[in-house]
Amino acid sequence: MTSRRAFLGASAAICALLAGCATSVSRLGDDGFRPRYADYAEEPVERFTTFRLDGWTPVSRDSLVVWNGPNEAYLVKVWDTCRDLQFAERIGITETARTVSRFEKVRVGRDSCPIEQIRRIDVAQYKADRAAARAAQGR
């Protein structure tokens, strides 16, 4: 019973942390750089450990980027049955013992979307390309 309460508490905490942290999919950044996170995604991983998720960004109908700190992000793909992911204002992600794996789910409204794939994003390269785009525009 105690582990169930801890699990529910952790899930509620993640939902609260991720509420309202999304950015618009189609909007360009201030520097004119539109990220294609799939270009920076590495090979699929089975899981990642999180103590506090910092935010999320919808990418498509079935994908989102989950930020696990300023220098760690994951491209998470869910089953195609997930509706409204790219329009969601808040989401929740289940976890087990502070680990998000392919056996977890992304909650969007009333939908519970099983995770199909997790890929770590090369955040250092992403930031370098963004800085180069900014420099090319003279900012």
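Trainee: Which strand is I93 found in?
Mentor: I93 sits in strand β6, residues 92-93; strands here are DSSP E runs of at least two residues, and helices are H or I runs of at least four, numbered from the N terminus. This is a predicted model, where local features need pLDDT of at least 70, side-chain atom pairs count only at pLDDT 80 or more, and totals for chains, interfaces and linings use all residues. Residues are numbered from 1 along each chain as its sequence is written, and side-chain values use heavy atoms, leaving out hydrogens and water.

Trainee: Okay, and is I93 buried or exposed?
Mentor: I93 counts as buried because its relative accessibility is 3%. Buried means under 20% relative accessible area, exposed over 50%, and partly exposed in between, with a 1.4 Å probe and protein chains only.

Trainee: How far apart are I93 and K105 in space?
Mentor: Their C-alpha atoms are 5.8 Å apart, while in sequence I93 and K105 are 12 residues apart.

Trainee: Switching topic: how many residues has the largest nonpolar core?
Mentor: That core has 19, and L64, V76, V78, I91, V106 and V108 have the most contacts inside it. A nonpolar core is a set of buried Ala, Val, Leu, Ile, Met, Phe, Trp, Tyr and Cys residues joined through side-chain atoms within 4.5 Å.

Trainee: Which strands each supply at least two residues of this core?
Mentor: Those are β4 (63-67), β5 (73-78), β8 (105-108) and β9 (111-121). Apart from this core lies another, of 10 residues, including A41, V65, I121 and V123.

Trainee: And how many helices and strands are there?
Mentor: The protein chain has 2 helices and 9 strands, in the order α-β-β-β-β-β-β-β-β-β-α along the sequence.
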